Amino acid sequence: MAKLLATLAFFALCFNAGVGAHAQPSCEPSGGLNFICGVTNAEDLVAVPGTRWIIASGMAEGAGISLIDSQAKTASRLYPGPKPRAALDGTVFEHCSGAPTKLITHGLNLLPGEGGHSTLYAVGHGGREAIEVFDVDANGARPELTWIGCVPMPNGLAANSVASFEDGTILATVLLLPGKTFQESVMGKPTGAVYEWSPGRDGFQLVKGTELPSNNGIEVSDDGSEFFVVSSGLHTIVAFSHTNPAKQLRTTAHLPFTPDNVHRGADGRLLTAGMKDDEPACGGPPGPQHTLEKLGSCPRGFIAAAIDPRTMQHTIVAEGPANPAFSNATMILETGKEFYVGTFSGDRVGYGTLK
């Protein structure tokens with residue numbers, strides 16, 4: 001456990017150092033992107049269905065969860081705020097002790113519901129390692145979050161990304177299992193895995209057969225029969241059967257960037273993004289010679305791709321050059337004719353027009 005906490009502390013130092021290094025006095029466009037400033041380390045983004053609103057995570061102490069207005073191009077705090085709303089569902093989340101007192105958010109997943117409500121799952125760090133669960137009410141002038149429960153991670157494990165099924169089952173990835181290192185992952189050795197929880201279970205259970213080099217982003221198929229896991233170490237996305245995950249179904253080719261998060265787009269394709277490999281100024285592709293701090297401090301361009309989940313063929317949908325004002329890309333979100341790019345280390349979210 002001590003090693004895990006030290007690793008998370010190192011992550012936090014890298015992220016916060018990156019914000020200081022990349023912060024710019026203005027929010028002017030650069031590198032082919034426009035920006036929405038005032039959000040810290042927006043590692044993941046999800047769109048609230050049928051609205052102009054985007055929810056952003058915050059991978060830094062005090063960042064919590066932010067709300068982006070895609071029309072006004074502004075950002076504001078969504079949770080916790082001065083009066084955080086909480087209503088624990090003790091029936092579903094019986095092993096949750098109460099609302100988080102400290103909240104650093106990482107990967108996000110939003111499950112659409114009915115009547116203007118959705119369920120938001122957020123990987124939470126800070127006071128505890130857990131998947132934090134919120135009701136999203138989009139019926140008012142701006143969405144409101146009410147914390148409704150959590151699913152604690154097994155002792156010694158920190159989640160990276162989260163996905164959900166219609167029945168409330170949750171999948172969470174762990175990037176580095178105890179005893180595994182970042183250097184092992186870039187060498188192609190398995191370091192992480194997927195864990196699963198369903199309502200009524202005591203806690204998360206390992207999904208055997210899902211061990212990959214740096215299990216990162218995760219998403220489920222539209223019919224719930226499959227799930228897709230990003231291996232940042234292999235630069236691929238792997239398809240698994242939900243009922244028999246021991247055998248890999250399909251995989252992408254080696255992508256020309258380090259894929260991070262993955263989400264299903266409006267057309268059913270998988271959307272992912274990350275830091276460009278081919279950056280000579282940063283020492284070339286990520287490898288054993290790189291530390292997390294080195295990767296986070298050297299500006300790399302970004303590449304975003306859409307992947308056909310049936311064939312796993314990818315198409316580049318957006319990219320940009322190395323830019324000191326915005327680096328460390330983690331994901332792409334499409335909204336109409338625009339796209340938004342998140343980052344694990346920065347004070348802004350990038351956006352542009354789709355090709």
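Start with the aromatic side chains: the structure holds six aromatic pairs, a pair being two rings of Phe, Tyr or Trp (its six-membered ring) whose centres lie within 6.5 Å, called stacked if the planes are under 30 degrees apart, edge-to-face if over 60 and tilted for the rest. Before going further, note that this is a predicted model, in which local features need pLDDT of at least 70 and side-chain atom pairs count only at pLDDT 80 or more, while totals for chains, interfaces and linings use all residues. Residues are numbered from 1 along each chain as its sequence is written, and side-chain values use heavy atoms, with hydrogens and water left out.

Select Phe93 and Trp197. Their ring centres are 5.9 Å apart and their planes meet at 20°, so this pair is stacked. Phe93 sits in the loop between strand E6 (85-86) and strand E7 (103-112), and Trp197 belongs to strand E13 (residues 193-197), so the pair ties together parts that are 104 residues apart in sequence; helices (H or I, at least four residues) and strands (E, at least two) are DSSP runs, numbered from the N terminus. Phe93 and Trp197 are both buried, a word that stands for under 20% relative accessible area, with exposed over 50% and partly exposed in between (1.4 Å probe, protein chains only).

Next, select Phe302 and Phe339, an aromatic pair that is tilted, with 6.5 Å from centre to centre and 45° between the planes. Since Phe302 lies in strand E21 (residues 302-307) and Phe339 in strand E24 (residues 338-343), the pair ties together parts that are 37 residues apart in sequence. Phe302 and Phe339 are buried as well.

Now move to Phe182, which is found in helix H2 (residues 182-186). Its relative accessibility is 15%, so Phe182 counts as buried.

Along the principal axes, the C-alpha atoms fill a box of roughly 55 × 45 × 40 Å, and buried residues make up 56% of the 355 residues.
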